Amino acid sequence: MSYHVNEKGYYGEFGGAYIPEMLYPNVEELRQQYLKITAEPSFQAEFDALLKDYVGRPTPLYFAERLSKQYKTKIYLKREDLCHTGAHKVNNTIGQILLAKRLGKNRIIAETGAGQHGVATATVCALMGLQCIVYMGEIDIERQAPNVARMKMLGAEVRPALSGSRTLKDATNEAIRDWINNPVDTYYIIGSVVGPHPYPDMVARFQSVISQEIKTQLLEKEGKENPDYVIACVGGGSNAAGAYYHFLDDEEVNIIAVEAAGLGVDSGESAATSVLGKVGVIHGSKTLLMQSKDGQITEPYSISAGLDYPGVGPMHAHLYASGRAQFISITDDQAMQWGLKLSNMEGIIPAIESAHAFAVLDEMKFKPEDVVVINLSGRGDKDLNTYIEYFKL
Ligand SMILES: *Cc1c(COP(=O)(O)O)cnc(C)c1O
């Protein structure tokens, strides 16, 4: 069984490129070029240098001593929260902006929900001196004022999506419309392992630096490259794809994917796609998707904006369907309690997305000699208001 994309852009039955005719030339150009360009030594060298000196890689693999003692197993945290801009997302935007430059594109567009991907995109556009337009739902612009201000400071134009529910999916539609209208000079930076082929594979490759570093760091600390468990939260699935990537074919590594249950999987307010989803097409790829009986996309819900997505990337749909990964859903309350617990026990305030991954420690039993790696995808600064309201701080 292969867990990587095949030549046609599929992971098992999932993936592909279900796109309007008008978008075909743009996506086809990317498909033909992405492996060739990213394999060039000069690309690799520039990517590696920016990850090192600009993003701050390698991020530490930290042995969490107090947590390990309490849970009677060996727990390591992969510290993506220490990346520049506070999360793993920048690994991908750096990769894609270098690709855009080599394709001769000087106008960058992106969509954003909570604003995290918008900030990561605006950041690399400032770094490269390229024009940046970020589409964002009008409702999200109101809800996420600090990230809108960050994007503006970084020189990006934030364009409100005024149609539909005025949230992420509407912003995505606007970005796709823009790309269709500006096929020659514009590059569309997608923020997760979603969208038409080759985006899921391309983003997974850029994020795979996470598992590449884990292997090197575990070899040094434990004398073996592979952990017994690797755990990550899944929104669209990019931090998880990066954390799993180099372990996919090592079947002795248990892969755990953590989804947001929201108020509970049966509550009607949830984002647990593997439990609630059916096969469908979203953002140009065939995957698992939360939808009504007649195929309308269901509004997802999670307290964490980054996990509030009605689908998962096609790689994750395949990891679920094939049984390679075990999927666990964690509620808002469990995640919030872990936000506080990790702060208290290790002095690390996590993003609420990342806090979901830690709650697996209460759901599963580990052996004392097990090596458990949790991907700490981002820091909690952006979530402080949510923590303040929840805990009445
Ligand atoms: C955006 C985000 C996520 C969810 O996105 P993935 O593509 O699933 O990784 C998770 N954690 C943090 C900190 C984020 O900002």
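## Ground rules

Because the model is predicted, local features need pLDDT of at least 70 and side-chain atom pairs count only at pLDDT 80 or more, while totals for chains, interfaces and linings use all residues. Residues are numbered from 1 along each chain as its sequence is written, and side-chain values use heavy atoms, with hydrogens and water left out.

## Around the ligand

Let's start with the ligand. It has 16 residues around it, and Lys89, Ser192, Gly235, Gly237 and Ser238 come nearest (a residue is near if one of its heavy atoms lies within 4 Å). By class, the shell splits into 4 nonpolar, 10 polar and 2 charged residues. Here Ala, Val, Leu, Ile, Met, Phe, Trp, Tyr, Cys and Pro count as nonpolar, Asp, Glu, Lys and Arg as charged, and the others, Gly among them, as polar.

Now for the polar contacts (pairs of N or O atoms within 3.5 Å; within protein, one must be able to donate a hydrogen and the other to accept it, and residues adjacent in sequence count only if both atoms are side-chain atoms). An oxygen atom of the ligand sits 3.2 Å from a polar backbone atom of Gly236. The side chain of Asn239 has an N or O atom 2.8 Å from a ligand oxygen, and the side chain of Ser377 has one 2.8 Å from a ligand nitrogen. On its own the ligand exposes 380 Å², and the protein buries 97% of that (Shrake-Rupley areas with a 1.4 Å probe; for residues, only the protein chains shown count as cover).

## Helix H2 and its partners

Helices (H or I, at least four residues) and strands (E, at least two) are DSSP runs, numbered from the N terminus. Axes are lines fitted to C-alpha atoms, for helices over the stretch in contact, and angles run from 0 to 180 degrees between N-to-C directions. The axes of H1 (residues 24-39) and H2 (residues 41-55) come within 5 Å and cross at roughly 75 degrees. That makes H1 roughly perpendicular to H2 (65 to 115 degrees; under 35 is roughly parallel, over 145 roughly antiparallel and the rest oblique). Ile37, Thr38 and Ala39 of H1 meet Pro41, Phe43 and Gln44 of H2 (contact means heavy atoms within 4.5 Å).

From H2, Glu46, Leu50 and Tyr54 meet Thr123, Leu127 and Met128 of H5, a set of 4 nonpolar, 1 polar and 1 charged.

Most residues other than glycine have a negative phi, and most peptide bonds are trans. Arg57 and Pro58 are joined by a cis peptide bond, with omega about -5 degrees; Pro58 lies in the loop between H2 and strand E3 (61-63). His197 to Pro198 is cis too, with omega near 15 degrees, and Pro198 falls in the loop between strand E8 (186-188) and helix H9 (199-207).

Arg166 has a positive phi, near 55 degrees, in the loop between strand E7 (157-161) and H8.
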